[in-house]
Amino acid sequence: MTTATIVEAPATPAPRKKKPRRVLPVLCALAAGIGLWYAITYLVLSDARRFLLPPPHEVVTVAFGDPAHLEPKLVALALTTKVALTGLAIAVAIGIVTAILMSQAAFLERAIYPYAVIIQTVPILAIVPLIGLWFQFGFTSRVIVCVIISLFPMISNTLFGIHSADRDAHDLFTLNKASRWQRLVLLQLPAAVPSIFTGLRTSAGLSVIGAVVGDMFFRQGEPGIGGLLDTYRSRLQSEDLIGAIFLASFLGVAIFAVFTALDRAVVGRWYGTNRS
């Protein structure tokens with residue numbers, strides 16, 4: 001009696017989406033936005049009020065095509081980037097350490113977490129004058145604003161990740177009489193890595209907001225991009241104002257994209273998950 005052998009055909013991998021299909025909607029939306037911009041400039045605004053929204057080609061020519069206008073923006077952008085990254089690094093360090101301490105003692109979690117929530121909910125503009133009074137109006141105060149805005153996502157996401165470690169794995173560590181330190185380093189922190197990167201992406205975007213807000217209020221030393229925004233507004237330099245807004249937006253998108261790529265590289269490769 002012979003037994004037939006059934007050979008299963010290998011699974012056909014799902015076709016990947018073509019890049020043009022992803023890029024085309026973005027380009028269409030961009031074209032529609034530029035078209036709407038031109039329509040508002042030439043059809044809605046009168047000649048006397050057209051300075052409120054100059055056409056795109058004038059913004060490009062004045063804000064980016066003239067080196068005398070472009071150089072101050074690039075210098076200010078570099079300073080804002082330094083402030084944002086410094087504040088983000090401090091917020092990440094404080095957030096992870098605080099979450100670890102909270103995870104190791106329920107008393108600390110109950111004592112600290114409400115104040116972390118308060119820091120997140122208090123309007124930053126309400127405490128900016130106090131920060132300036134205590135720490136002067138220079139680089140340090142700008143960094144402090146970044147830290148305050150960026151801190152909570154790191155605390156909450158890291159704490160969630162630490163608590164999300166698999167219960168069966170906890171039982172295995174208990175069975176092997178692992179110490180608290182071994183449980184933290186070998187189980188809880190590795191389990192928290194995806195959540196830490198989620199908090200890092202959120203905090204990265206918030207740090208740029210904090211840097212721009214700090215630039216607008218703390219004027220000692222070289223002006224950041226936020227300081228230029230306020231200067232261009234007061235002088236009615238609309239082309240430079242819009243150009244500075246684009247640069248600030250580009251900074252936020254660039255920092256977010258960098259940490260998103262890092263998230264996919266680390267978490268996606270080590271944990272085998274598809275990070276969006």
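**The pocket and the contacts beyond**

The lining of the largest pocket has 8 nonpolar residues, no polar ones and no charged ones. Bear in mind that this is a predicted model. The lining residues are Leu30, Ile34, Trp37, Pro56, Val59, Val60, Phe64 and Phe246. The volume of this largest pocket is about 150 Å³. Which helices each supply at least two residues of the lining? They are α1 (19-44) and α2 (56-64). Helix α2 gives the most, with 4 residues.

The structure holds 4 aromatic pairs. One of them joins Tyr38 and Tyr42, with ring centres 6.2 Å apart. Their planes meet at 10°, so the pair is stacked, the cut-off for stacking being under 30 degrees. Both tyrosines lie in α1, 4 residues apart, about one turn of the helix. In general, an α-helix has 3.6 residues a turn, so residues three or four places apart point the same way. Tyr38 is partly exposed at 30% relative accessible area. Tyr42 is partly exposed too, at 39%.

Another aromatic pair is Phe137 with Phe218. Here the ring centres are 5.9 Å apart and the planes stand at 50°, so the pair is tilted. Phe137 sits in the loop between α5 and α6, and Phe218 in the loop between α8 and α9, so the pair ties together parts 81 residues apart in sequence. Phe218 is buried, at 1%.

A ring also meets a charge. The charged end of Lys82 sits over the ring of Phe139, 5.3 Å from the ring centre.

Now the salt bridges. The count comes to 5. Side chains of opposite charge can pair when their charged atoms come close. Among the bridges is Asp215 with Arg142, whose closest N and O atoms are 3.3 Å apart. This pair links distant parts of the chain: Asp215 is in helix α8 (residues 180-217), Arg142 in helix α6 (residues 139-163), and 73 residues separate them. Asp215 is buried, with a relative accessible area of 1%. Arg142 is buried as well, at 2%.

Another bridge joins Asp230 and Arg233, with the closest N and O atoms 2.8 Å apart. These two residues are 3 apart in helix α9 (residues 225-234), so about one helical turn separates them. Asp230 is partly exposed at 21% relative accessibility. Which residues of α9 are buried? Ile225, Gly226, Gly227, Leu228, Leu229 and Tyr232 are. Just after α9, Leu236 takes a positive phi of about 55°.

Arg50 and Asp47 form a further salt bridge, with 3.0 Å between the closest N and O atoms. Asp47 counts as exposed, at 63% relative accessibility.

Last, a look at helix α5 (residues 124-135), where Leu130 lies. Leu130 is partly exposed, with a relative accessible area of 37%. Its C-alpha atom is separated by 9.9 Å from that of Ser141, 11 residues away along the chain.

Note on methods. Residues numbered from 1 in each chain as written. Predicted model: local features only at pLDDT ≥ 70, side-chain atom pairs only at ≥ 80, totals over all residues. Heavy atoms only, no water. Buried < 20%, exposed > 50% of the residue type's maximum accessible area, 1.4 Å probe, protein only. Salt bridge = Lys/Arg side-chain N within 4 Å of Asp/Glu carboxyl O. 1 Å grid on protein atoms, 1.4 Å probe; cavity = no way out; pocket = protein on both sides within 12 Å on 5 of 7 lines; lining within 4 Å. Points joined across faces, edges and corners; volume = space filled by probe spheres on them. Nonpolar A, V, L, I, M, F, W, Y, C, P; charged D, E, K, R; others polar. Phe/Tyr/Trp six-rings, centres within 6.5 Å; stacked < 30°, edge-to-face > 60°. Lys NZ or Arg CZ within 6 Å of the ring centre and 35° of its normal.
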